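Thanks for asking me to look this one over. Here are my notes as numbered points, with the model open beside them.

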Amino acid sequence: MRRLALFATAAVLCAGLTGFAALEHRSDTSGSAPTRIAGARTSPTAATLISKLQDHLRRQPADADSWAQLGSAYVEQARLTVDPTLYPKAETALRRSLKVRPDANTAAQTGMAGLANARHQFAQARTWAEQAIQSNPYAWAAYGALADALTQLGDDTGAQAAVQRMLDLHPSTASFTRASYTLELQGRTDEATQALQRALEDASSPADQAFCQHYLGELAFNTGKIPQALEHYRKALALDASYTPALAGVARAEAALGRTAQAVTDYQAAIARVPQPQYVLELGELLESLGRTTEAKAQYAVLEAEQKLFTANGVVDDLNLGQYQADHGDPQLAVTLLTAEWGRRHAVQVADALGWALHRAGRDQQALPLAREAGRLGWRDATVSYHRGVIEQALGNDQAARTDLTAALAANPAFSPLHAPDAQARLARLQGHQ
């Protein structure tokens, strides 16, 4: 990781993308893991590009490259609009490209890898990315898709190597955003922030600058620097008023600062624009923390409906659904869902979620090894530390529980409107029993 860190502090970043091969670095949206989208907002927009490609392909239906580009544009549009019904369209276009050009079709293979990642089919994404790299070892975007898949599959060494290769080939927003995410998962938040700061310095368009400001806000929030996070989110909106993630970030920071009425209003505005499951869940939990139970349940119903829509369009979302069920539904169902997910991929996010679900189901002895596994990379996440501390407390290991609950609140004393107050109360009781 030393080379990656050197790149993160010295290279030119945020060059601005010209295509749609760089997709979400992590498409889990309701967990505690840091969300990082591996590519700035592009111009022309996905919708404009889709329209142009459709017109072109009516005249030139044998253009394999354009079919591949159309498929990747559909995936990008699905990300921006949270519309999973675009995924089948993306697959149709990408497979049409592969039919026209079955061999050495790097663009379509990379697009299929991005689609599989978006659908949480990470083993398939790895296979497609490896095929793309075999077709063209210098295809930098394919290494990005491979890094995304390997990160989610728990192959930390392989993911790190893929990110490094992508950096070597193409130091840009896409590669350095992934590098920043990798550094954050390893607990190296200062270096992750430095990478994004350099990205901001070199960002040439308001959209790219807003993108960088938003993720600086995410890093600041995750490390408990709430006023600084709010400042970054607001700067992102000033640069690009249509950038919905920054509006949701403003709401999150407002809630953490106790400005709950404005937070509810801003969450509602963000959801009206883009009904991202993460925003819906966060609003539901904020309303629940305020005692507005009926309104919270309405948000959770929306989330459940969205999960069904994702499933109907080929998205395997047992992680998000399991996390939701553990805290707001049926813990036994959460264990079933997350056990299946753990069988597919040994990522730290899944370890944390399954450990927490086992605790919620009353199986703390089984939960503790998974809670410890979630910290194997050095990830300093408040929710992960909170989960581990609660499990340790349930097992009577008060000293370890005090350590982890203290770490959770030190990382971010306002990490959750529901769980942060519980962490404070638990820690106070533990300290009173010393």
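1. A term to settle before we start: a nonpolar core here is a set of buried Ala, Val, Leu, Ile, Met, Phe, Trp, Tyr and Cys residues joined through side-chain atoms within 4.5 Å. Please also keep in mind that this is a predicted model.

2. With that term in hand, look at the largest nonpolar core, which has 45 residues. The members that touch the most others are Leu70, Tyr74, Val75, Tyr87, Met112, Leu115 and Leu146. Two or more residues each come from helix H2 (46-59), helix H3 (64-81), helix H4 (86-100), helix H5 (106-118), helix H6 (122-135), H7, H8 and helix H9 (173-185). H3 is the biggest contributor to this core, with seven residues. Another core lies apart from it and holds 41 residues, including Leu200, Cys212, Phe221 and Ala229.

3. Now the overall picture. How many helices and strands does the protein have? There are 23 helices and zero strands. Of the 434 residues in the protein, 58% are buried. Among contacts with a separation of 6 or more, 60% are between residues 24 or more positions apart. The protein exposes about 16800 Å², and carbon and sulfur atoms supply 51% of that area.

4. H9 deserves a careful look. This helix has 13 residues and reaches 18 Å from its first C-alpha to its last, close to the 18 Å expected at 1.5 Å a residue. H9 is mostly covered, with 13 of its 13 residues buried. After H9 comes glycine 187, whose phi is positive, near 80 degrees.

5. How do H9 and helix H11 (residues 206-222) pack, and at what angle? Their axes are 12 Å apart and the angle is about 0 degrees. Angles under 35 degrees count as roughly parallel, and H9 and H11 are therefore roughly parallel to each other. On the H9 side the contact is made by Thr173, Thr177, Ser180 and Glu184, and on the H11 side by Phe211, Leu219 and Asn222.

6. H14 has 14 residues and reaches 20 Å from its first C-alpha to its last, close to the 20 Å expected at 1.5 Å a residue. Its buried residues are Ala263, Val264, Asp266, Tyr267, Ala270 and Ile271. When you read that list, recall that an α-helix has 3.6 residues a turn, so residues three or four places apart point the same way. The cover over the buried residues of H14 includes helix H13 (244-256), helix H15 (277-289) and helix H16 (293-312).

7. Two loop residues have backbone angles worth checking on your screen. Valine 82, in the loop between H3 and H4, has a phi near 55 degrees, a positive value in a residue other than glycine. Alanine 104, in the loop between H4 and H5, also has a positive phi, near 55 degrees. Is each one buried or exposed? Valine 82 counts as buried because its relative accessibility is 13%, under the 20% limit for buried residues. Alanine 104 counts as exposed at 53% relative accessibility, which is over the 50% limit for exposed residues.

8. Asparagine 313 sits in the loop between H16 and helix H17 (318-328). With 11% relative accessibility, asparagine 313 counts as buried. Which residues does asparagine 313 touch, not counting those up to four places away in sequence? They are Pro84, Thr85, Tyr87, Pro88 and Arg119. Tyr87 is also among the residues that touch the most other members of the largest nonpolar core.

9. Aspartate 155 is found in the loop between helix H7 (140-153) and helix H8 (156-169). Its relative accessible area is 33%, so aspartate 155 is partly exposed. Histidine 346 is 191 residues away from aspartate 155 along the chain, and their C-alpha atoms are separated by 8.0 Å.

10. Last, a residue in helix H23 (residues 419-432): glutamine 431. Glutamine 431 is partly exposed, with a relative accessible area of 41%. Glutamine 431 and aspartate 398 are 33 residues apart in sequence, and 9.2 Å apart in space from C-alpha to C-alpha.

Definitions and conventions:
Residues numbered from 1 in each chain as written. Predicted model: local features only at pLDDT ≥ 70, side-chain atom pairs only at ≥ 80, totals over all residues. Heavy atoms only, no water. Helix = DSSP H or I, 4+ residues; strand = E, 2+ residues; numbered from the N terminus. Buried < 20%, exposed > 50% of the residue type's maximum accessible area, 1.4 Å probe, protein only. Contact = heavy atoms within 4.5 Å. Areas by Shrake-Rupley, 256 points an atom, 1.4 Å probe, with all protein chains shown as cover. Expected span 1.5 Å × (residues − 1). Axes fitted to C-alpha atoms, helices over the stretch in contact; angles between N-to-C directions. Parallel < 35°, antiparallel > 145°, perpendicular 65-115°, else oblique.
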